[in-house]
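Me: I have a structure here that I have not looked at before. Can you walk me through it?

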Amino acid sequence: MDFYHHYKEDIALYGEMGFKCFRMSINWTRIYPHGDEKEPNRAGLAFYRSVFEECRKYGIEPLVTLSHYELPYYLAKKCGGWTNRKLIDLFLHYCETVFTEYKGLVRYWLTFNEINTLVMGTFGNIMGGGILPQGKDVEVGTAASVDESWDDPQKRYTALHHQLVASAKAVRLAHSIDENNMIGCMILGRAAYPYTCNPEDVLKAQQVMRKANYYCGDVQVRGVYPSFAKKLWKEEGVLVDVTVEDAEALKNGTVDFFTFSYYSSTTATDDPNVPIASGNMMRGPANPYLKHSAWGWSIDPKGLRYYLNEIYDRYQLPLMIVENGLGAEDIVDPDGSIHDPYRINYLREHIREMEGAVEDGVDLMGYTVWGCTDLVSASTGEMDKRYGLVYVNKDNAGNGDLKRSRKESFFWYKKVIASNGADLD
């Protein structure tokens, strides 16, 4: 939280832990405040240069997301967000600026964070596409608070198509500016199991995997929409305008590696009488074989191995887990220490399953924990739902001085990195 004023302190802590890679994002509005200016904001460019130089000082490789659930508000308000095809060129202008400015400082880039949220309903409208409801202002602090009554699938799928085209063109642009650049996609990983062995549930789980993971994955890795896309568009009642130029751009702009977030798994059923788990963004029935966090998210390390195997078998491209962690309420002891064995156990078991996936044959190029430092949870808008290895003194009401403190998990993870994953105890 408040990385802008604390980045040197935060990066020093990451260096102390032994980070080899730090995943972060550039805010488009810090470079182009309205999103459509011809000249960039030099102060914004200087800030990120300082961040990247600080990373390099500690031997940390930056992994930079170009658009992480953010869009200049001006473009959302005046242009309709990513429903407007004009944003493709505006995004590429921004990309060209940062690719050129940070040539040699940044090698690894991700285009859009969890781009597949745009197939998931109203949450995707605002967070993913910058699509605002018509006729009223909106202030969205949490995914759970979004009113789904104004969801427009046509707008979502149009916005997503424009992002996919923009992503593909950004890949080509990055390679043309620096042949050493590596560009990846970033998917919200949704591992889905059938709720029962009823064939209807098995088919339902397959449909969830296809829509949630492979719809975007196929376009960004294979360069074409998947075989089931036309049927999905018909079911959703949408028309996606794929021009000849678009198709060519998608074909020629495939990514170099595949990244994703993974927190939990979900189940799928065709039975309308099975209740949906509360508090879970995956929107499936609770899995009776798994434990769940205080916020209703399943804890499923083996699901990560399953997902890694499924994705790698489909794409045969290097994979990277760029978000994985446990949201939990942390208590500061009177002596200032913060014991979070629940987070350590969560990370330990997921790392073990990553090792299993590598033994299965998966090419796993990296792993970054979410989050390095406590921050406001995107799904609930809370500080109390903490993910970090570093504690930030700030509560839900905004009280606190933002002081950083090392959690028990900080010291555990430092040991894991130093042992290259050999010491997980």
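This is a predicted model: local features need pLDDT of at least 70, side-chain atom pairs count only at pLDDT 80 or more; totals for chains, interfaces and linings use all residues.

Me: What is the bridge partner of Thr65 in E3?

Reply: Thr65 pairs with Leu110.

Me: Which strands form the open sheet, and in what order?

Reply: The sheet has 7 strands, ordered E1-E2-E3-E4-E6-E10-E11, and the pairing is parallel.

Me: Which strands stand at the edges?

Reply: Strand E1 (21-25) and strand E11 (364-367) do. Each has a single partner strand, so one side of each lacks a neighbour in the sheet.

Me: And how many degrees does the twist average from one strand to the next?

Reply: The average is 25 degrees.

Me: What holds strands together in general?

Reply: Strands of a sheet pair through backbone hydrogen bonds, in either a parallel or an antiparallel way.

Me: Which strands does helix H8 lie across?

Reply: Helix H8 (residues 199-222) lies across E3, strand E4 (182-188) and strand E6 (257-261). Relative to E4, the helix H8 runs at about 165 degrees.

Me: Changing topic. How many cavities of 30 Å³ or more does a search of the whole structure find?

Reply: The search finds 3 of them. In the largest cavity there is about 70 Å³ of space.

Me: Which residues line the largest cavity?

Reply: The lining includes Tyr263, Trp297, Ile299, Leu326, Tyr346 and Tyr387. Ser293, Ser298, Gly325, Gly327 and Lys385 line the largest cavity too. By type, the lining divides into 6 nonpolar residues, 4 polar and 1 charged.

Me: Now the backbone. Which peptide bond is cis?

Reply: The bond from Trp370 to Gly371 is cis, and its omega is near -15 degrees. Gly371 is in the loop between E11 and strand E12 (390-392).

Me: What about Asp2, is its phi positive or negative?

Reply: Asp2 has a positive phi, about 55 degrees, although Asp2 is not a glycine. Asp2 is placed in the segment before helix H1 (3-17).

Me: Last topic, confidence. What is the mean pLDDT of the protein chain?

Reply: The mean is 94, and 95% of the residues reach 70 or more.

Me: And where is the pLDDT below 50?

Reply: Residues 140-145 have a pLDDT below 50. In the model, this stretch has 13 contacts beyond near neighbours in sequence.

Conventions. Residues are numbered from 1 along each chain as its sequence is written. Side-chain values use heavy atoms; hydrogens and water are left out. On a 1 Å grid over the protein atoms alone, a cavity is a set of points where a 1.4 Å probe fits but cannot get out, and a pocket is an open set with protein on both sides within 12 Å along at least five of seven lines; lining residues have an atom within 4 Å of a point. Grid points are joined across faces, edges and corners, and a volume is the space filled by probe spheres set on the points. Ala, Val, Leu, Ile, Met, Phe, Trp, Tyr, Cys and Pro count as nonpolar, Asp, Glu, Lys and Arg as charged, and the others, Gly among them, as polar. Two strands pair if DSSP finds at least two bridges between them. Helices (H or I, at least four residues) and strands (E, at least two) are DSSP runs, numbered from the N terminus. Axes are lines fitted to C-alpha atoms, for helices over the stretch in contact, and angles run from 0 to 180 degrees between N-to-C directions. Contact means heavy atoms within 4.5 Å. pLDDT is the predictor's confidence in each residue, from 0 to 100.
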